[in-house]
Amino acid sequence: MDHIFFVSLVFAFFSFAAAIIPQYSIAYFEQKIDHFNFVQDATFSQRYLYTDQYWNNNGPIFFYTGNEGSITDFWKDSGFVFEAAEQFNALVIFAEHRYYGESLPFGSESFEHDKIGYLAVEQTMADYAVLITELKVHLNATKNKVVAFGGSYGGELSAYMRFKYPNVIDAALAASAPIYMKTFKGRERQFFFSAVTQDFYKADPDCPGYIVTAFEMLVMLKNQGAKGLSELSRIFKLCKSLDSVEQIHHMLGWIRNAFTTLAMDDYPYPTDSLPGYPVNVVCEMMATASSKLEGLAGATALVYNGTNGTLSCLDPDTEYIECADPTGCGLGPDSLAWDYQVCTELSVPAGSNNRTDMFPVLPSTPEMVAKYCQHKWGVVQRSNWPIIQLWGKDISSASNIIFSNGDLDPWRPGGVLKNVSSTLVAVFVKGGAHHLDLRASHPQDPPTVTEARQQELQLIREFID
């Protein structure tokens, strides 16, 4: 093997389904740091994972367009790709997004202001297009079809790859990909926390009211000064007692982020740390709690402390980072990369308003985001560029893309919910949370997601045949 496969380490992961997530091998590919500058010729090592256990050399290549995190996490949570690969005798490749995981172009210095500018959607898509093209040559598979898979931002990238590089990508499954969100303005941008609220309403019509009451109780304690702050610290089992009312803003964001996670991960079976249908669990918790504020604290702890409750206390300062994205940026270096992308090319919803949603007023207006991004990164979004670059809603000239969305996913309003053409197909997953269809099959899956996966398999076959 040449430089394309110069490292081959093997790992295995197990899903909650009866099937086993297959072993992967790790490899690295030398990518241009700047694909669009012939003077700058520096490179970096892009990590990718692969398995050829299903491949018969004539089968297609299934390519996961990595998104905002370590690529090993997406391998673990995308079992449907392997189930499909077995049926199609496909080679599977999961590519890591530049500036995430181990694929840092400048190592620990990658997030310095003079180096972060190479983090761009166009650069990332070029990484993927070059990697696929070179691998196909190396593997003597230049005529093999390529299907892109991705969930959430990764799903957007799968669609964008088909838009931008139809000569490289033959078809795409874009799961829970809110590509239309880039066109949202004004009140349209308030969709997300309203959709989260609707998820809790579906579980129990009284549940949003319980949560509103709990936040009102929290504010009442905040207004009591030191005594109230001490009580809040006790109820939420904080590792460090609150000593200033200014800390409440961050705490509210920390709590809201927990409810965002509950709605997005409202899967029918237990996952790494959450129970099955966690929104239902939390609504029951809120209904039966000794006080609604105690219920709110218990719901928050369910996210940050898991079902096992191994932590003796919680720390909002380390468990939640405020950033340009009101839905959260994650933790660690990956949070810096996502923060910068939101400040440049990626659209996000507005904050919560306590009118169309059940959360406290925590606004995030374009003006606020622009001020933050200018201070943090020295950049602001070019408002029209993402619509020009990434097509906005004018996608009818594209083809061979499946857009899947579940009715429990708070990102669904930003997705493609109706067929655009016979080859731009919307698949609806009733009872599905954030890209449930991309996860491995599970005995507790609702029949609707099984049906959606079968439809997706049939469409992929039609597209590449």
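Author: A quick definition to start: two strands count as paired if DSSP finds at least two bridges between them. Keep in mind that this is a predicted model.

The part to zoom in on is strand β4, which covers residues 61-65. How many of its residues are buried? The count is 5 of 5, so β4 is mostly covered, with buried meaning under 20% relative accessible area. In a regular strand the side chains alternate between the two faces of the sheet. Here, Ile61, Phe63 and Thr65 point one way, while Phe62 and Tyr64 point the other way. Both sets are buried.

Now for the neighbours. β4 pairs with strand β5 (residues 91-95) in the parallel sense, over 5 bridges. Within β5, Val92 is the bridge partner of Phe62. β4 also pairs with strand β6 (residues 146-151), again in the parallel sense, over 4 bridges. In β6, Ala148 is the residue that stands opposite Phe63.

Stepping back to the wider packing: in soluble globular proteins, nonpolar side chains tend to be buried together. The largest nonpolar core in this model has 61 residues, and Tyr48, Ile179, Ile401 and Phe403 have the most contacts inside it. Helix α3 (residues 121-138) gives the most to this core, with 8 residues.

Methods: Residues are numbered from 1 along each chain as its sequence is written. This is a predicted model: local features need pLDDT of at least 70, side-chain atom pairs count only at pLDDT 80 or more; totals for chains, interfaces and linings use all residues. Side-chain values use heavy atoms; hydrogens and water are left out. Buried means under 20% relative accessible area, exposed over 50%, partly exposed in between (1.4 Å probe, protein chains only). Helices (H or I, at least four residues) and strands (E, at least two) are DSSP runs, numbered from the N terminus. A nonpolar core is a set of buried Ala, Val, Leu, Ile, Met, Phe, Trp, Tyr and Cys residues joined through side-chain atoms within 4.5 Å.
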